[in-house]
Amino acid sequence: MSITPPDNPVEVARIALKRLSERGLPPTPDNYAQFYNAIVTIKSPQTKAPEELQQAWQVLCQVDEAVGEASEAMQQLIDTLDSERGAMLVSLGRLQHARDAHAARRASVEETHNTLADLLDSVITSTNSIHSTVSASHSDLQSIRDSVRHIEEDLAFNRRMLEQDALTGTFNRQGLDHHLAREVKVALRNGGRLTAVIFDLDDFKQINDTHGHLIGDQVLVHVANLTRVVLRENDLLVRYGGEEFLILLTDTDVNGASYVIDRLRTVAGRTPFLHKGQRIEVSFSTGIAQLRPDENGRALLLRADEALYRAKNTGKSRTEIAPA
Ligand SMILES: Nc1nc2c(ncn2[C@@H]2O[C@H](COP(=O)(O)OP(=O)(O)OP(=O)(O)O)[C@@H](O)[C@H]2O)c(=O)[nH]1
């Protein structure tokens, strides 16, 4: 810095204010006085002692130096602030971005949550609907199952009725057809024995004629019941004709069949049908045939029938066994 000493006080004051302004110092009385004196001192070097002159220059140089340093520091401060401001702007930007991202994430989480809640509601609704449908279907199935069971029972009942003789409750010819083939098949497969017994009440016409048709019916029922008593559970009793019965004896040979018929004769003799206190004696003729390995059910019955015919023609109330 070069300072030219001024000529008058006004000029000194103007220069002092200018210097203060240049250095950015406030024009306080102390600052003004210091600069004014320094300028005056420089202006009138002849009135001042060399020490005062030297001191004034030192003050001016110090002030000038301090102002320069302050200006430099201020510039650094401004630069730092600028840089910090930039950094701050960047940070603010990042913060804003982070906040936006957080808000977006939060929105996304909320959106996902809402979607999941909707989905869950839909699943619950569907499940309830499915549950109702399943429950309804279950009860429908239950009633269908009940209906099917009733139908099966009806069918079984109707089948029994179709295969049953209405008077005696034994199987009829249709029932025989249904069971005969099966029994023959089982016997041939297992090498088992199957014997057919046909017995026909002797002189039954006379019973009808003597006691009436209705009593004749009751006698038929009586004989059927007695026969059931002597049979095993697996044996089959069939009303083969008017007063003719057939017995299919499973796992039985002709000797076993003869034994059964003898027992039936004994039981029938001991248990006569009673009508108005009167015994109605019943006798019967019997033909027996055992299944051959090479014959079918029809052939078996034919041989048993032939044996019965022989029994009838040889005195009645007796048993004929078909040749093996
Ligand atoms: N009450 C009754 N009688 C029946 C039934 N079916 C057949 N009859 C009678 O049985 C009798 C059979 O007579 P026949 O064929 O002469 O035989 P039978 O008198 O037993 O003489 P043999 O067989 O030779 O011993 C007839 O009178 C038929 O009417 C029936 O369901 N109920």
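**Reading a predicted model**

Mentor: Asp251 counts as partly exposed because 15 C-beta neighbours lie inside 10 Å. The cut-offs are 20 or more for buried and 12 or fewer for exposed. Keep in mind that this is a predicted model.

Trainee: Where is Asp251 found?

Mentor: Asp251 is in the loop that runs between strand 3 (244-250) and helix 7 (254-270). Its phi is positive, about 50 degrees, although Asp251 is not a glycine.

Trainee: Which residue other than glycine has a positive phi near 60 degrees?

Mentor: That is Lys316. Lys316 sits in the loop between helix 8 (297-313) and strand 7 (319-321). Because Lys316 has 14 C-beta neighbours inside 10 Å, it counts as partly exposed.

Trainee: How many helices and strands does the protein have?

Mentor: The protein has eight helices and seven strands. Of its 324 residues, 24% are buried. Among contacts with a separation of 6 or more, 61% join residues 24 or more positions apart.

Trainee: Which residues of helix 1 are buried?

Mentor: Start with the general idea. An α-helix makes a turn every 3.6 residues, so residues three or four places apart point the same way. Now the case here. The buried residues of helix 1 are Val12, Ile15, Ala16, Arg19 and Leu20. Viewed down the helix axis, the buried residues of helix 1 fall within an arc of 135 degrees, so they line one face.

Trainee: Which residues are exposed on the other side of helix 1?

Mentor: They are Val10, Lys18, Ser21 and Glu22. Just after helix 1 comes Gly24, with a positive phi of about 70 degrees.

Trainee: Is Asp165 buried or exposed?

Mentor: Count neighbours again. Asp165 has 20 other C-beta atoms within 10 Å, so it is buried. Asp165 belongs to the loop between helix 3 (50-163) and helix 4 (173-190).

Trainee: What does Asp165 touch, not counting residues up to four places away in sequence?

Mentor: Asp165 touches Thr170, Phe171, Asn172 and Arg239. Look at the last of these. Asp165 and Arg239 are 74 residues apart in sequence, yet their C-alpha atoms are 6.8 Å apart in space.

Trainee: Which residues come nearest to the ligand?

Mentor: There are 16 residues around the ligand, and Asp202, Phe204, Lys205, Gly216 and Gly242 come nearest. Strand 1 (194-201), helix 5 (204-211) and helix 6 (213-230) are the elements that give two or more residues to this shell. Helix 6 has the largest share, with four residues.

Trainee: What pLDDT does the protein average?

Mentor: pLDDT is the predictor's confidence in each residue, on a scale from 0 to 100. The average for this protein is 85, and 88% of the residues score at least 70. Residues 1-5 have a pLDDT below 50, and beyond near neighbours in sequence this stretch has five contacts in the model.

Trainee: What ipTM and pTM does the predictor give the complex?

Mentor: The predictor gives an ipTM of 0.97 and a pTM of 0.62.

Notes: Residues numbered from 1 in each chain as written. Predicted model: local features only at pLDDT ≥ 70, side-chain atom pairs only at ≥ 80, totals over all residues. Near = placed C-beta within 6 Å. Arc of directions from axis to C-beta. Contact = placed C-beta atoms within 7 Å.
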